[in-house]
Amino acid sequence: MSFLASPQLWAGTLSLAVPLALPALGGTFSERTGVVNIAMEGIMLIGAFFAAACSHWTGSAWLGLLAAMVAGALIAWVFAWAAIRLAADQVVLGMAINIFGAGITAFLLNTIFGYNGTPTSTPSLPNITIPAIANVPVLGWFFHQQSVLVYVMLALVIAAHYFLFHTRLGLRMRAVGENPLAADTLGLNVWRLRYTGVIIGGVLSAIGGAYLSIGILNSFDVNMTNGRGYIALAAMIFGKWTPYGAFGAAMLFAFATSLADVLQGNVIPTDLLSMLPYALTVLALAGLVGRSTAPAADGIPYTLER
Amino acid sequence: MSTRKWAVGLGAMVALSTLVVGCGAATNNTAGGTKTANGTGGNPSATTFKVGLVTDTGGLNDHSFNHLAYVGLQKAESQLGVKGEVVQSQAASDYVPELTRFAQNGDNLVIAVGFLMQQAVEQVSKEYPNTKFLIIDDPITDRPNVVSAIFDTQQCGYLVGAMAGLMQKQHGIKGINGQNVLGVIGGQNIPPVTSYIAGFYQGAQKVDPGVKIILNYANSFTDQATGQQLAKDEIAKGADIIFPVAGGTGTGSINAAKAAGVYAIGVDANQNYLAPQTVITSALKAVDTATYDVIKEAQQGKFKSGVQTFDLSNNGVGIAPPTSTVPQSIVQQVNQLATQIKSGAITVSPNIPTGK
């Protein structure tokens with residue numbers, strides 16, 4: 001079991017958890033307000049592309065991150081408009097956004113940058129090391145050479161928990177996800193709260209995408225999310241639609257992936273190891289964690305016969 | 001309720017626009033191709049020679065062999081006046097339909113890029129016996145209308161392996177740690193990947209029998225984040241030269257090597273441009289030359305079915321000029337090994353030595 005003492009295993013776990021935890025958190029926001037969101041994959045890709053492109057154009061990775069957030073908010077706004085205002089089927093819509101995201105980013109990449117991809121001079125977000133953390137035994141392993149977005153992700157998880165469960169707006173958002181009619185009767189604007197949830201979700205997913213393109217790398221590649229948006233979806237459900245749960249699930253999946261990486265070259269066949277995170281996903285969702293109950297009004301459009 | 005109808009309409013629009021985007025990319029390629037073809041104004045038979053190219057799921061952005069096949073096609077368009085069309089496969093299930101589409105369109109030569117398309121080519125080439133096919137990396141021998149381009153990449157793998165083995169023994173080169181460890185990252189455990197790796201092992205062990213080589217598979221040719229993570233693992237275990245054989249996944253590995261201040265070796269194409277200080281050389285596989293040559297032969301009616309082997313002696317594989325980081329004495333030793341391989345004094349096995 002000496003591999004458990006490998007700092008790389010734990011640094012890898014935290015690093016790989018970011019592109020799962022952020023979209024899972026985003027999905028949590030959206031579904032807590034009652035809009036089923038499976039569009040994380042597509043939004044991540046759009047975020048990743050605009051992060052890399054704007055980082056290159058402006059020469060500042062921070063502006064790239066900002067661009068990703070704006071792009072994520074915009075596409076989420078379109079999604080919200082169709083899902084809320086037009087009461088479209090949210091699963092179909094989410095799938096459409098995913099396919100659209102994959103297509104549009106590949107198209108833009110090849111049209112704007114050509115087949116050699118984004119320029120290698122594209123700046124990326126800095127790695128930071130906080131000495132006070134890095135020197136703590138065990139804990140320091142996690143934080144070895146991590147992107148600044150790792151810290152942002154941790155802060156966002158805590159902030160999201162506080163926001164959803166300890167603020168008035170958070171309570172209202174959860175209320176429209178459980179019983180929109182009651183909330184409406186009490187004078188809450190159901191649609192506006194749902195828009196807010198979906199758009200926050202889009203911004204978070206887009207930051208998750210930006211982490212892939214300018215957080216750990218400095219380039220965008222076609223389909224570079226590789227299905228992480230869907231694993232995030234599982235993490236959200238596994239985490240029972242709570243920020244801490246989503247983070248914990250993301251860490252577990254990331255640990256499985258990182259473990260598969262570290263254990264390679266030992267006796268266990270590679271193919272079996274790379275199955276690990278997905279097998280874990282199935283097991284987790286098959287009930288190992290007990291019942292996960294979605295918000296009561298999740299996926300049901302709220303329309304008033306006015 | 002009118003909003004319902006609206007919603008259905010919107011859904012359809014989104015779906016349609018996605019399709020349009022997909023087609024847009026494809027037509028874009030064709031348009032570019034036609035323009036260059038017209039520019040040369042070749043003989044009438046040349047302008048009607050149509051070539052269809054189907055990439056595997058790695059796509060044209062792989063910085064590697066799909067890209068090279070496209071470069072070969074572009075060269076054929078401008079120099080031979082053929083009309084090229086490209087389609088990028090999004091999934092393995094696209095292979096048969098895309099190959100069939102080109103064959104049905106009356107393309108004279110259909111190029112399938114990659115080992116992963118073997119079955120698709122076997123199937124479609126049987127259904128369209130009058131269409132010529134080229135498959136890269138996979139030996140299909142029993143079809144009169146299929147030519148297979150096979151690259152002895154174990155030979156160039158051997159040379160970069162020897163270079164890496166000699167480099168990691170050097171003292172006083174920044175980033176070389178003296179731990180006798182090299183790192184290799186494979187895309188998938190398939191022959192076109194493992195032949196490179198097999199050569200790398202043999203070359204490195206030839207010059208340093210005590211060298212330790214860490215091998216990991218990413219199981220993806222497109223996942224940069226995994227490529228980066230695996231490289232970080234290997235660097236943490238002491239590797240100071242990383243050799244990714246993993247298409248787009250490898251660009252993440254090169255990125256990790258750059259960030260850690262160690263070295264990397266590129267694959268397929270000269271990947272030095274990805275990180276000029278980091279990528280000391282590249283193991284080259286002249287997919288572009290092979291593609292161009294086969295197009296030329298087919299156009300001139302000299303199509304030969306069966307396996308065409310590309311190796312060091314016909315410049316089908318090779319190594320990119322090393323950067324100035326590599327001492328001249330090492331470059332000379334590697335060149336000597338190349339001569340010995342060409343003369344047959346050294347034979348390189350395409351299989352990874354057992355016990356690894």
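In this predicted model, 38 residues of chain A are in contact with 43 residues of chain B, where contact means that the C-beta atoms of two residues, placed from the backbone, lie within 7 Å. On the side of chain A that touches chain B, the elements giving two or more residues are helix 1 (7-32), helix 4 (90-113), helix 12 (243-263) and helix 13 (270-288) of chain A. Helices (H or I, at least four residues) and strands (E, at least two) are DSSP runs, numbered from the N terminus. Helix 4 of chain A provides the largest share of that side, 11 residues. Sorted by class, the side of chain A that touches chain B holds 21 nonpolar, 15 polar and two charged residues. Here Ala, Val, Leu, Ile, Met, Phe, Trp, Tyr, Cys and Pro count as nonpolar, Asp, Glu, Lys and Arg as charged, and the others, Gly among them, as polar.

Residues are numbered from 1 along each chain as its sequence is written, and chains are lettered from A and ligands numbered from 1 in the order in which they are written. Because the model is predicted, local features need pLDDT of at least 70 and side-chain atom pairs count only at pLDDT 80 or more, while totals for chains, interfaces and linings use all residues.

**Chain B as a whole**

Chain B has 11 helices and 12 strands. Of its 356 residues, 56% are buried. A residue is buried if 20 or more other C-beta atoms lie within 10 Å of its own, exposed if 12 or fewer, and partly exposed in between, with C-beta atoms placed from the backbone. Among contacts in chain B between residues at least 6 apart in sequence, 71% join residues at least 24 apart.

Helix 6 (residues 153-167) of chain B is mostly covered, with 15 of its 15 residues buried. At 1.5 Å a residue, these 15 residues should span 21 Å, and the end C-alpha atoms of helix 6 are 21 Å apart, which agrees. The expected span is 1.5 Å times one less than the number of residues in the helix.

**The six-stranded sheet**

Six strands of chain B form an open sheet in the order 7-6-8-9-10-12, with mixed pairing. Strand 7 (212-217) and strand 12 (317-319) of chain B are at the edges with a single partner strand each, so one side of each is left without a neighbour in the sheet. From one strand to the next, the twist averages 15°. Two strands pair if DSSP finds at least two bridges between them.

| Strands of chain B | Sense | Bridges |
|---|---|---|
| Strand 6 (residues 181-186) and strand 7 | parallel | six |
| Strand 6 and strand 8 | parallel | four |
| Strand 8 and strand 9 | parallel | two |

Individual residues mark these pairings. Gly186(B) has Tyr217(B) in strand 7 of chain B as its bridge partner. Ile185(B) stands opposite Pro244(B) in strand 8 of chain B, and Ile242(B) stands opposite Ala264(B) in strand 9 of chain B. Between strand 8 and strand 9 of chain B, the chain passes through helix 9 of chain B in a right-handed β-α-β crossover. Right-handed means that, with the strands pointing away from the viewer, the path from the first strand over the helix to the second runs clockwise.

Strand 8 of chain B is mostly covered, as five of its five residues are buried. Ile241(B), Phe243(B) and Val245(B) point one way from strand 8, and Ile242(B) and Pro244(B) point the other way. Helix 9 (residues 248-260) of chain B lies across strand 6, strand 8 (241-245), strand 9 (263-268) and strand 10 (279-285) of chain B, and runs at about 170° to strand 8. Axes are lines fitted to C-alpha atoms, for helices over the stretch in contact, and angles run from 0 to 180 degrees between N-to-C directions.

**Loop residues of chain A**

Leu217(A) is in the loop between helix 10 (190-215) and helix 11 (228-238) of chain A. Leu217(A) counts as buried because it has 26 C-beta neighbours inside 10 Å. Leaving aside residues up to four places away in sequence, Leu217(A) touches Ser124(A), Leu212(A), Gln224(B), Gln228(B), Gly252(B) and Asn255(B).

Most residues other than glycine have a negative phi. Ala87(A), in the loop between helix 3 (61-85) and helix 4 of chain A, has a positive phi near 55°. Ala87(A) is partly exposed, with 17 other C-beta atoms within 10 Å. Val138(A), in the loop between helix 5 (131-134) and helix 6 (139-142) of chain A, has a positive phi of about 20°. Val138(A) counts as exposed, with 9 C-beta neighbours inside 10 Å.
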